[in-house]
Amino acid sequence: MVVQIIQRAVMQGIPLLFGSTGEILTEKAGNLNLGTAGVMYVGGISGVIGAFLYEQSVEVLNPALAIIIPVLACLLGSLIMGLIYSFLTVSLRANQNVTGLALTTFGVGFGNFFGGSLIKITGLDVPSITLTRTSLCFQKSLPFASKLGWFGDVFLSYSFLAYVAVAIAIICTIYFNRTRSGLKLRAVGENPATADAAGINVEKYKYLSICLGSMIAGLGGLYYVMDYACGIWSNDAFGDRGWLAIAIVIFAIWRPNLSIVGSILFGGLFIVHNYIPGLTFASQELIKMTPYVVTIIVLIVISMLRKREFQPPESLGLSYFREDR
Amino acid sequence: MENKTNKVREPLFHITKRSNNAMKPAAAWGVRIAAVVVALILCGVVTVLLTGENPFKVYETMIDGAFGSERKIWALAQNTAVLLCISLAVTPAFKMKFWNIGAEGQVLMGGLATAACMILLGNKLPPILFYPVMIIASVAAGAIWGLIPAFFKAQWNTNETLFTLMMNYIAIQIVSYFCYIWSVPKGSGHIGIINSASQMGWFPKIGGQSYLCNILIVLVLTVFMFIYFKYSKHGYEISVVGESENTARYIGINVKKVILRTMLLSGAVCGIAGLILVSGTDHTITRDTAGGRGFTAIMVSWLAHFDPIYMIITSLLIAFLEKGAGQISTNFGLNDSFSEILTGIIIFFIIGSEFFINYEIKFREKEAKK
């Protein structure tokens, strides 16, 4: 049963990991993107639209195309969301919180709208958006995983996107800590004026990290639909995971490697009520509260400690204008 | 954008802040209205692409959805009032640059306190005692929920954006918990209409209109907030703290006290919004009672530049879009999330338009002449 809990926790955690890694990348550039929830919805639904159109247009799915098309559609959708956000906050220097919230309104609305109306708009004669065939291509795991007992179940039984998520988080950690470009990015997030004076192109770094961050977060939406939900899109099913991803960013104190652990832990907290015997529905609701309580405690503790390396990027949430002094 | 221009010696244009030659208010409102018009045209185009209807029909449907009948107008006014109330609530905090995105949770806690009074005390206290208790309880519940993050912000400078955000979900879970505890029938997770027979704890109908009481409360609040910001010492202190905490400290304002007091007010008004939603509108509570309005209110308040009077217009605009787009979705068989897409587009445009009010773009040719 422990193995099963871990597997379920990881399945729950991977969308959060995508989301939080994307958000960390964005926040490292000094932009607090509260639109992550919306970006993940758009990523998910874009993938669904791509897969739906592909499934409807061919008789037999080509496994490679069945994966590539939704992934590209998802990346494109979330890239557009990232571009909207970065254009408004970086080029037009709009307030990041307001823009982020508007992005969430728009993104969640976009997801639910197309989730509910895609069939009507395309005029195809199908009862519901069920992408089981595409989902099977996504869910393929290593063939020898089941032969390795619990080790295989815990570490190797997931689909490729799960490993992509972990890989991206590790790459981001290395990028932030071990590369010159990562150092420059952190400089932009800490103090853009200083970075600018040092000859770093602040706008370029912000644009790139926001857009890449959005694309990573969008993949979380795709993973949720294709792997976790078996290719069935239902409105609002994705729920508050986007906000939970933002919570994990704090929990992981802006470090993608810690966010791997944090995501799986939060994923576990998300499902743990199913495994505690004798819970009433009411107390289940209270247990679902724990991820948020834990986040608040972490937030309070890091602010009390006042340790420099635990703090959010210094200029987080502020827009940069060169002539402001 | 910057990349392309970097190659030329002198950039095609550069941006300066309009600090000395600020745009006149009339011109600024012109820019904003132009942005809304352009956004509405884009919304029309999107709708036409999705429904294939003729564009004028689309706008007609929207207006019909919002103002089509007396009942619709009352519903629109009610939605506007609730949204306006929550926007008024978040405004004092924002003026202080305290990002209270926890209005959702504060409203829910206020509503939960109202519902608790209605369920537990509704048939035990005489009305003359019951109503004050209910009102005080809901205001206090919202205020406490707002005070918690404010305390940590004042004491340890804990990031309030993220703190208040998390408090929303805790409030949602607490409400879900009580939805199971008080559910009718037991275990269904729904409370249903509370005191439907006795109507205890419901706001009275004024002139046969059940929403009029809500609207009047919000109007009084609007006037109060306007005066509070403009003519009270508190209002002045809030704006000084918002401009610069150091200045505030220098002139002897107790910043911690202002933060605590302002969030207490912000939470209390959210509590009133919860009271209006539960006691004056739904007569029940679910985890969706606030329905994302806590977030929408932030945009409403920001779009109105934190001015309570302009907020009437901006909240009306958002409520109109909601109702209008709702009508489009019903008429054309589309999903009702359509309104969120339209709201998103319009807000993007208004957010973008602020840039042209605050900054000036100077092109190279003009510079050369000088």
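Begin with both chains displayed: the contact takes 49 residues from chain A and 47 residues from chain B, two residues being in contact if their C-beta atoms, placed from the backbone, lie within 7 Å. This is a predicted model, in which local features need pLDDT of at least 70, side-chain atom pairs count only at pLDDT 80 or more, and totals for chains, interfaces and linings use all residues. Residues are numbered from 1 along each chain as its sequence is written, while chains are lettered from A and ligands numbered from 1 in the order in which they are written.

Select α4 (96-122) of chain A, one of the helices that each supply at least two residues of the side touching chain B. Helices are DSSP runs (H or I, at least four residues), numbered from the N terminus. The largest share of that side, 16 residues, comes from α4(A).

Next, select B:Cys270 in helix α11 (residues 255-282) of chain B. B:Cys270 is buried because 36 other C-beta atoms lie within 10 Å; the term buried requires 20 or more such atoms, exposed 12 or fewer, and partly exposed a count in between, with C-beta atoms placed from the backbone. Leaving aside neighbours within four places in sequence, B:Cys270 is in contact with residues including B:Ile86, B:Gln106 and B:Gly146.

Finally, select B:His305, in the loop between α12 (293-303) and α13 (308-332) of chain B. Its phi is near 55 degrees, a positive value, and B:His305 counts as partly exposed, with 13 C-beta neighbours inside 10 Å. B:Phe306 is found in the loop between α12 and α13 of chain B; its phi is near 60 degrees. B:Phe306 is buried, with 20 other C-beta atoms within 10 Å. Most residues other than glycine have a negative phi.
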